[in-house]
Structure formats: structure tokens, C-alpha cells
Amino acid sequence: MKYNKKSIIKIRLFLLFIVLIANKHSAQSTYWQRHTIDETSSGADGVRIADVNNDGLPDITTGWEEGGYTKVYIHPGFKLVRQKWPSVIVGKTPSVEDAVFADLDDDGAMDVVSSTEGNNKKIYFNWAPTNPKDYLAEDKWKSQVLPTSKLNKQWMYCVPMQVDGKNGIDVVVGAKNKNAEIGWFQAPRNARKLSKWKWYPIGSATWVMSMFSKDMDNDGDLDIVVSDRKSGPTQGVRWLENPREIRKQKKAWKNHFIGCQGLEVMFMDLKDLDGDGLEDVLVTEATSRKIWFLKRLDKTGQNWKTFPIAIPEFASKPKSVVVGDVDKDGKPDLVHAFEKAKGKKEGVYWLSYKNKPTDSNWQWHTISGPVGIKYDKIELVDLDGDGDLDVLTCEENYGEDSKGLGVVWYENPLK
């Protein structure tokens, strides 16, 4: 059969149309399916996880900054995980910036510590009901302000940690802006006697973005690793050395820089990226728009080597990075979240390297698509029980006049 020139052009245009449609469908299918855990308020600001009911499944706490309260979400089981999760408001906490689980009074029930900034500037202890059956009963929770926290500081991040080896869990907290410090609240014998908690500053700060409690010098106690965001003498990634003696723990802890001095560092993660048995630091930063692989060289915590990972021009402002094997190929990957992801920009990606983790150019793969603007802290966790890592996060500001996507998770499409 012969075709004239006009017919051939029509056939080619039709085939091109089919290819374009197929490519469009293929690109859209790479977006991970988003599931909403809660979108009922505004300003979901960070996710922290723990198994609060001992069922082997991760539960979540989140502070809703604009909403003015802290909530807990109970994993409903794998069959119901794609639906809204059972939840409870554990306390009214205006301008809450961070919420984290901790059994403060050692009664077996996981309480929640809320750190607030803005004009509120207080730490809240949200006491959980002792009876497990009452955990989701809002009227069974009791929220109290820690009196010692009224120090005119904008509290940003909290790490529950046994510091002095006495009584119950202590609380290490970092602040931002004016009067910013890092310090710890010492738990009394009876944690419920709030007037007995004591505050000990251990170092200055500019804007604490994230903290970890880790034994950085291999001496058997827990130190504090911090990413400090704003310009000043403490800006960068560093760790504070636990002096071990109680008398010295109440004074300034020795500061050790890891890297990124003078850069606007954001959220970080501590993982062994290169498989040498030493835990490295991965941090994203907004000054030079890079992810930094801060490679640990020995067990002393004093020696590090820095490798930059490029953030492409099509991405927006860096916010958060975590490490995990996303595609189950045996090599660690990165998941990165952004803020100011307006228009066609995307808020969440995952990254893989081709040759070695010290490569400056990694491959970027989409997760969220262009829905969502201001993403926050990420957790990589298998929420649906299928053996791969899903992405748990929150989004504060989906549209200019919107309350945001809320607490969400993205389902890993790996089969």
C-alpha cells in the first residue's frame, strides 16, 4: 500500500502524539502516591516517631504551629495505613515548633515534650494517661508548662536524654535568635514536681535546626550533635562533648566543629554513608545550595573530610535530608525535602549515586511531584509493611491561603 506525502505526515504526527502521551504518563507514574495522615489544622511542623503502644509499629507526634496544639497519631495497622490515622490532641501548645516522645515520669506511658517559639517561648510537658486504653482520650492527657523554661528563649528542638545518670530522663533543648542557647533540664526524683526541674546551659547557639544524642568520642557517654543555622560563631555542624562529671555537666561543654562553618545548615542525618563502620553526617544547606557529606575518619570524632553533593538548579530552597536504601539495591540513597517549592518545582526527591558516595553529582528522582510548597523534617520508615522505606513528612503551606497538606507519607512504589 502506498501513502502520499500528506498521509505520511499525518501518520508521523499521530505516532508522535502517542509517544508524547506515553512519556507524559510515564513521568506522572514516577510520582509516589501520597497518603494523608491528618490535614485538619494548619502549620504541621516536623514529625518524630516512636512505638508508644508496643505493637511494633511506628507512631507519630507532630506540633501544629499555626493550629496551636500538639497531636499524637497511632499507626492503625497495615490494612488501614492508607486512611486517616487515629489521633489525639495531647496539649494546647501555641507556636509549637517541635514535639517529641519521652516517658518523663517512668510510668511506662509515652509522654510528649513540646517546644514553642514565637511569643510563647515555653516548654510543655504533655503527660500521657497511664492506662493504655485511655491513650487516645484527650481528656485523660494533662498539659503543663515547665516553669524553668520561661527564659525568654524561642525553643526549637528537643532531645530527651539521660545526662547525669540520676532519676529519670533529662531534656536537652536548643533555641534560636536572641538569647539562643543549648542546655538541659535536669529531672528531679519526682518528674511531676515541675518546680524541681533545673536548667543548665551548656553552649551558645544561633538557630538550632536539629540535634542528635550520640557517643561521638567513643568514651561511653552521650554527646550532642547539632546543626546551627544562622550567622555567628557557632554556625555550622558541631558536637558538644559530654564532660561526664555532674559538676562539669552543669557548665559549658567543649565544642567541636565537624564542618560547614559559615553556612546556613538545615536538617541533618547521622548514618554510615560509605560503609566503613563509622557514622557520617549528611546535612543540607542554603548558602551555597549543597548537600554536604561530612565523612568521619576515625572514632575520636575530631577528624572529618568534606564532600559536596550538588543540588540542581531546578530545585528550590533546601530543608531536610535523610539516608536510607530507597531502591533496595544495597547502596544507601538520600531523600531530600525543600521549602519554597512553588509553581513547577517539586518538594521531595530521592537521590542515588552511580559510582561512589563521594561523587558530587547524584541522580535525582521525583517523589512528591509539584504539589506542596514547604516541607519539613523527613523520616524513612516502612509504614505499609511491604519491606521498603516510605517517606514520612509534613507540609506546612500547600498554597498561599491554604493550611497545607498536613502530615503525609509517600508510598515507595518499589515492587
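A residue is called buried when its relative accessible area is under 20%, exposed when that area is over 50%, and partly exposed in between, with a 1.4 Å probe and protein chains only counted as cover. The structure described here is a predicted model, in which local features need pLDDT of at least 70 and side-chain atom pairs count only at pLDDT 80 or more, whereas totals for chains, interfaces and linings use all residues. Residues are numbered from 1 along each chain as its sequence is written, and side-chain values use heavy atoms, with hydrogens and water left out.

Helices (H or I, at least four residues) and strands (E, at least two) are taken as DSSP runs and numbered from the N terminus. Strand 11 covers residues 170-176, and because seven of its seven residues are buried, it is largely enclosed by the rest of the structure. The cover extends to both faces, with Asp 170, Val 172, Gly 174 and Lys 176 buried on one side and Val 171, Val 173 and Ala 175 buried on the other.

The neighbours of this strand can be followed through its pairing, where two strands are said to pair if DSSP finds at least two bridges between them. Strand 10 (residues 154-161) runs antiparallel to strand 11 and is joined to it by seven bridges, and within strand 10 and strand 11 Met 161 stands opposite Asp 170. Strand 12 (residues 181-186) also pairs with strand 11 in the antiparallel sense, over four bridges, and Gly 174 has Ile 182 of strand 12 as its bridge partner.

Strand 11 and strand 12 form a hairpin with four residues between the strands, and in this hairpin Asn 177 takes a positive phi near 60°. Lys 178 is also found in the loop between strand 11 and strand 12, and with a relative accessibility of 65% it counts as exposed. From the C-alpha of Lys 178 to that of Ala 109 the distance in space is 35 Å, while 69 residues separate the two in sequence.

Asp 106 lies in the loop between strand 6 (96-102) and strand 7 (111-116), where its relative accessibility of 66% makes it exposed. Lys 328 is found in the loop between strand 22 and strand 23 (333-339), and it too is exposed, with a relative accessible area of 51%.

The charged side chains come next. Side chains of opposite charge can pair when their charged atoms come close. A salt bridge is counted when a side-chain nitrogen of Lys or Arg lies within 4 Å of a carboxyl oxygen of Asp or Glu, and by this rule the count comes to 24 salt bridges.

One of them joins the side chains of Glu 264 and Lys 230 at 3.8 Å, N to O. This pair links distant parts of the chain, 34 residues apart, since Glu 264 belongs to the loop between strand 17 and strand 18 (265-271) and Lys 230 to the loop between strand 15 (223-228) and strand 16 (236-241). Glu 264 is buried, at a relative accessible area of 14%, whereas Lys 230 is partly exposed, at 30%.

Another salt bridge brings Lys 295 and Asp 276 together at 2.9 Å, N to O. Here too distant parts of the chain are linked, with Lys 295 in strand 20 (residues 290-296) and Asp 276 in the loop between strand 18 and strand 19 (280-285), 19 residues apart. Lys 295 counts as buried at 18% relative accessibility, while Asp 276 counts as partly exposed at 35%.

In a further salt bridge, between Asp 376 and Lys 319, the closest N and O atoms are 3.0 Å apart. Asp 376 lies in the loop between strand 25 (363-366) and strand 26 (379-381) and Lys 319 in strand 22 (residues 317-324), so the pair ties together parts that are 57 residues apart in sequence. Both Asp 376 and Lys 319 are buried. Through shared partners, salt bridges join Arg 229, Lys 230, Glu 264, Lys 317, Lys 319, Glu 339 and Asp 376 into one network.
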